[in-house]
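Hello,

Here is the structure we spoke about passing on. My notes follow below it.

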Amino acid sequence: MLWRALHAIFLVTLLLFGSLGNSLPLGTSTRWIVDAASGHRVKLSCVNWAAHMQAMVAEGLDKKPLKDIAARVASLGFNCVRLTWATFMFTRKRYANVTVAQSLDSLGLREARMGIAENDPWLLNLTLVGAYEAVVNELGAQNLMVVLDNHVSKPQWCCGNGDGNGFFGDIYFDPEEWLLGLTIVAKRFKGKPQVVGMSMRNELRGPRQSEQDWYRYIRRGARKIHKVNPDVLVIVSGLNYDSDLSFLGRKPLGVDLDNKLMYEVHWYSFSGQQGEWKVQPLNRVCTNTIKRIDERVGFLAQGENPVPLFVSEFGVDQRGVNRADNRFLSCFLAFAAERDLDWAIWALQGSYYLRNGQAGFEETYGVLDIRWDHPRNPKFQERFGLIQEMIQDPSSLVPTYYIMYHPQSGRCVGVKGKDRPQASYCRKRSRWTHNGDGTPIRLMSTALCLKVIGDGLPVTLSTDCSGEQSTWKSVPSSNLQIAAMDGQGRYLCLEKSSSNSTTILTKKCLCLNDDSNCHVNPQTQWFKLIPSNLN
Ligand SMILES: *[C@@H]1O[C@H](CO)[C@@H](O)[C@H](O)[C@H]1NC(C)=O
Ligand SMILES: *[C@@H]1O[C@H](CO)[C@@H](O)[C@H](O)[C@H]1NC(C)=O
Ligand SMILES: *[C@@H]1O[C@H](CO)[C@@H](O)[C@H](O)[C@H]1NC(C)=O
């Protein structure tokens, strides 16, 4: 009997907790998200999955079965999903008993309905909330963590200044109803260990926004969620489309949630000055945008009482056809890797049941293609692989070394045997040491360091570590180019060959001295030394 009881307890424990790779719930410890019990860092590498649009059904279930989508999320290297929801789905009586089938029918979405009937017929007769919960359950069953993101009030595409969903008091955004929605969701998903956090509200914005109301309602909402469900991280967003929390530098939020409070920020190529990624010298644009992010939000993760910062949205046209996006992405990846930020890319969905009045609308920022078959960018994992990993672990005892990262390709510098250094897949990277400007870049635990041979020639490894060809400095205008001299007093920068995917050359430095007339793209030369202390 006793054995049986123990066995049952064991099975229940396994069901409740054993399915998740990470130990949950999570908490915060300085700027890191940690497993609240052990204090070990847990990094969120998430993808956004929309379930807040008019149909109020997680997108793509017409294209693939739920199980397959969740499995695909995991196989793409994510450990978490930021799953969006609309307030009205939980608060409005008229949606309370609406089924998935009824919702799709009411919008005339016959094909979507037929798709779901084929993939997951059991979903069709669930209520909208029931189907949302089924998605959360499946994500948990496949070891994925979930952040529930209150994306809009009225179910629709987000976000515009005048869409009535932007700020407390807008036509669809009644603060009391919002608080009720947060309470319902916090309660409903309490006890599901995979639900690690709640994003309080996506992209506050528009003419009504004010700091005064922000403090008033964000304080109430944060306390409310924490009271109802003290296990979840409460994720607070700022003004101006989730880009600005600078006012917290003058006046703290003043809410103590027992290490459950953190902040989020959104960052796209179009977040800053109009067209900046098209015109200015890129070294300066990248430096300036990082400075701007730090002034508005990043400072919260630094200084005396740092808290974690979650880049809960960033993204690019995954077809690679948007020049501004492409340039932005290299800057972002270097930044995200160096700080080892927690993040959620926009977005998983390759399509929407309905957007802008169009059935089957294609999402070009979607990680998956329109059929939800393959990554839209065949090199997705190569490009994003490094930032999906945990790079820094505050509790690690391993001394810090560097990863040499080339964000434009997503590759890392690696050495096979006694070969030349190569741009390898990051999982095959080497460890490097460097003591700052004017010192060699050494292959860790060897007598070998990087050495310039000449302009246009591959960089090599040498035991000559003291000559000018082997002492490197970062180029000050960007801190993204790394240069040494060529033996004749001229600086050459590391550059990844554009014709050969693995070759690393040294070449004349591009856009040195922040030259305003320099309009070439120096990103082939962007290498970042990323500190790491993981084994
Ligand atoms: C929804 O259905 C339940 C159970 O059938 C019922 O008790 C409830 O009144 C219905 N709610 C609404 C708003 O129709
Ligand atoms: C859903 O419910 C309808 C109406 O009650 C029923 O006719 C249909 O067979 C159900 N479909 C499934 C897949 O259970
Ligand atoms: C790239 O360069 C390496 C080393 O020189 C060479 O072995 C390889 O064949 C080249 N690859 C391509 C695609 O040209």
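A residue is called buried here when its relative accessible area is under 20%, and exposed when that area is over 50%, with partly exposed in between. By that cut-off, Cys 511 and Cys 518 are both buried. Please keep in mind that this is a predicted model.

Disulfides

A disulfide is a covalent bond between the sulfur atoms of two cysteines. Counting every pair of cysteine sulfur atoms within 2.5 Å, the total is seven disulfides.

Cys 511 and Cys 518 are joined with an S to S distance of 2.0 Å. The torsion about their S-S bond is about -55°, so this disulfide is left-handed.

Cys 449 is bonded to Cys 465, with 1.8 Å from S to S. This disulfide is left-handed as well, because the torsion about the S-S bond of Cys 449 and Cys 465 is about -120°. Cys 449 belongs to strand β18 (residues 449-451), while Cys 465 sits in the loop between β20 (460-462) and β21 (473-474), so the bond ties together parts that are 16 residues apart in sequence. Cys 449 has a relative accessibility of 0% and therefore counts as buried. Cys 465 is also buried, because its relative accessible area is 12%.

Surface charge

Lys 187, Lys 190, Lys 224 and Lys 227 form a positive surface patch. One of these residues, Lys 187, lies in helix α9, which spans residues 175-188. Lys 187 counts as exposed because its relative accessibility is 56%, and the cut-off for exposed is over 50%.

Regards

Key. Residues numbered from 1 in each chain as written. Chains lettered and ligands numbered in written order. Predicted model: local features only at pLDDT ≥ 70, side-chain atom pairs only at ≥ 80, totals over all residues. Heavy atoms only, no water. Patch = residues over 30% accessible without salt bridge, like charges linked within 9 Å, V, L, I, M, F, W, Y side chains within 5 Å. Areas by Shrake-Rupley, 256 points an atom, 1.4 Å probe, with all protein chains shown as cover. Salt bridge = Lys/Arg side-chain N within 4 Å of Asp/Glu carboxyl O. Lys, Arg positive; Asp, Glu negative; His and termini not counted. Charge placed at Lys NZ, Arg CZ, Asp CG, Glu CD. Helix = DSSP H or I, 4+ residues; strand = E, 2+ residues; numbered from the N terminus. Buried < 20%, exposed > 50% of the residue type's maximum accessible area, 1.4 Å probe, protein only.
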